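Here is a short briefing on one protein model. Keep the sequence and the 3D view open as you read.

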Amino acid sequence: MSFFSSRNYNKLFIIILCCSSSISLLFGLFILSLKQMEQVFHQTGYFFIFLSTILWIISLIPRSLKKINFLFFLKTHWHALLLSFVFTFIMNLNYPPQFRILADETNLASIASSMYLNKDFYISLSGFNTYETYNNIHHVWGTRPLFFPFLISISHSLMGYNVENIFLFNFLFGFCSLFLIYFIIQLWLPYCFGLIGLILLASYPIFAISVTSAGFEILNLFFALLAYNFLYKYLNKQRAIDLERLSLTLILLANIRYESIIFTICFIFIFIY
């Protein structure tokens with residue numbers, strides 16, 4: 001039996017996760033003052049989310065490429081992939097992408113900009129440009145979780161800085177969310193029910209508005225669905241790699257919006273009972 005499929009490793013992984021969470025709570029609630037915690041967070045927040053993302057990506061790497069048949073996957077699910085793309089494209093035609101909640105979405109865009117330029121996460125209030133370089137004068141620290149603006153900053157690094165990268169980003173994860181809801185449903189029910197679930201999600205007005213906005217709702221939905229997918233796989237196969245993926249996905253999910261910590265709490269109760 002391999003190391004990653006060992007039930008002992010599963011228990012060890014849960015123990016390590018609980019211990020690290022307890023230590024974090026101990027430091028956050030009792031050892032360090034609020035001001036000290038703010039300083040630690042401001043100095044390490046970007047690198048923490050960077051490391052968490054790298055670990056999550058590594059966990060997704062298949063242990064064996066022999067088990068992956070991309071042609072078979074496309075042949076089996078091409079209807080859902082095509083429908084997901086068409087619906088997402090139509091949403092962007094009917095609801096032109098734009099900033100919808102200015103008090104929130106523009107702040108996320110500003111944090112993504114500071115991450116891209118300075119590996120930091122502040123909201124610039126004033127500054128000036130010299131030789132195509134923005135120089136910050138006054139700023140306030142962002143209070144939103146860091147994962148969404150961090151991913152936007154990565155898109156800036158890959159494609160060049162453009163605030164409209166946010167809309168391309170939400171287009172991509174809107175497409176992925178539609179396909180993932182189909183994929184999860186067809187694991188439990190016949191194929192046609194997966195397509196029905198995809199169509200129902202696409203017809204929900206708030207979903208279409210979120211896909212064409214600059215907020216983090218679509219990314220939050222995608223990671224919530226992904227967490228359910230990994231939970232289902234782990235409960236069925238009891239593989240440590242699925243538990244690993246689930247744990248890291250929940251960490252990133254909680255760093256998209258604070259309320260998403262409720263998923264972690266609910267999943268813990270599922271493991272207990």
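The model is predicted.

**Salt bridges**
- How many salt bridges does a search of the whole structure find? The search gives 3.
- Side chains of opposite charge can pair when their charged atoms come close.
- Is Asp242 buried or exposed? Asp242 is buried, since its relative accessible area is 0% and buried means under 20%.
- Asp242 also meets Arg245 in a salt bridge, at 3.8 Å from N to O.
- Asp242 and Arg245 both lie in helix α10, which covers residues 240–254. They are 3 residues apart, so about one helical turn separates them.
- Arg245 counts as buried too, because its relative accessibility is 11%.
- Another bridge joins Glu259 and Arg257, with the closest N and O atoms 3.3 Å apart.
- Glu259 is partly exposed, at 49% relative accessibility. Arg257 is also partly exposed, at 23%.

**Overall build**
- The protein has 11 helices and 2 strands.
- From the N terminus, the order of elements is α-α-α-α-β-β-α-α-α-α-α-α-α.
- The protein has 273 residues, and 40% of them are buried.
- Take the contacts with a separation of 6 or more: 68% of them link residues 24 or more positions apart.
- The accessible surface comes to about 16000 Å². Carbon and sulfur atoms account for 71% of that surface.

**Helix α7**
- Helix α7 runs over residues 191–202, which is 12 residues.
- The expected span uses one less than the number of residues.
- Which residues of α7 are buried? They are Gly194, Leu195, Gly197, Leu198, Leu201 and Ala202.
- What do the buried residues of α7 pack against? Their partners are α3 (70–94), α6 (165–188), α8 (205–211) and α9 (217–237).

**A nonpolar surface patch**
- Phe50, Leu51, Ile54, Leu55, Ile57, Ile58 and Ile61 form a nonpolar patch on the surface.
- Together, the residues of this patch have about 600 Å² of accessible area.
- Where is Ile54 placed? Ile54 is in helix α2, which covers residues 34–60.
- Ile54 is partly exposed, with a relative accessible area of 34%. A patch residue must have over 30%, so Ile54 passes that cut-off at 34%.

Notes
Residues are numbered from 1 along each chain as its sequence is written. This is a predicted model: local features need pLDDT of at least 70, side-chain atom pairs count only at pLDDT 80 or more; totals for chains, interfaces and linings use all residues. Side-chain values use heavy atoms; hydrogens and water are left out. Patches are made of residues with over 30% relative accessible area and no salt bridge: like charges are joined within 9 Å, nonpolar side chains (Val, Leu, Ile, Met, Phe, Trp, Tyr) within 5 Å. Accessible areas come from the Shrake-Rupley method with a 1.4 Å probe; for residues, only the protein chains shown count as cover. A salt bridge is a side-chain nitrogen of Lys or Arg within 4 Å of a carboxyl oxygen of Asp or Glu. Helices (H or I, at least four residues) and strands (E, at least two) are DSSP runs, numbered from the N terminus. Buried means under 20% relative accessible area, exposed over 50%, partly exposed in between (1.4 Å probe, protein chains only). The expected span of a helix is 1.5 Å times one less than its number of residues. Contact means heavy atoms within 4.5 Å.
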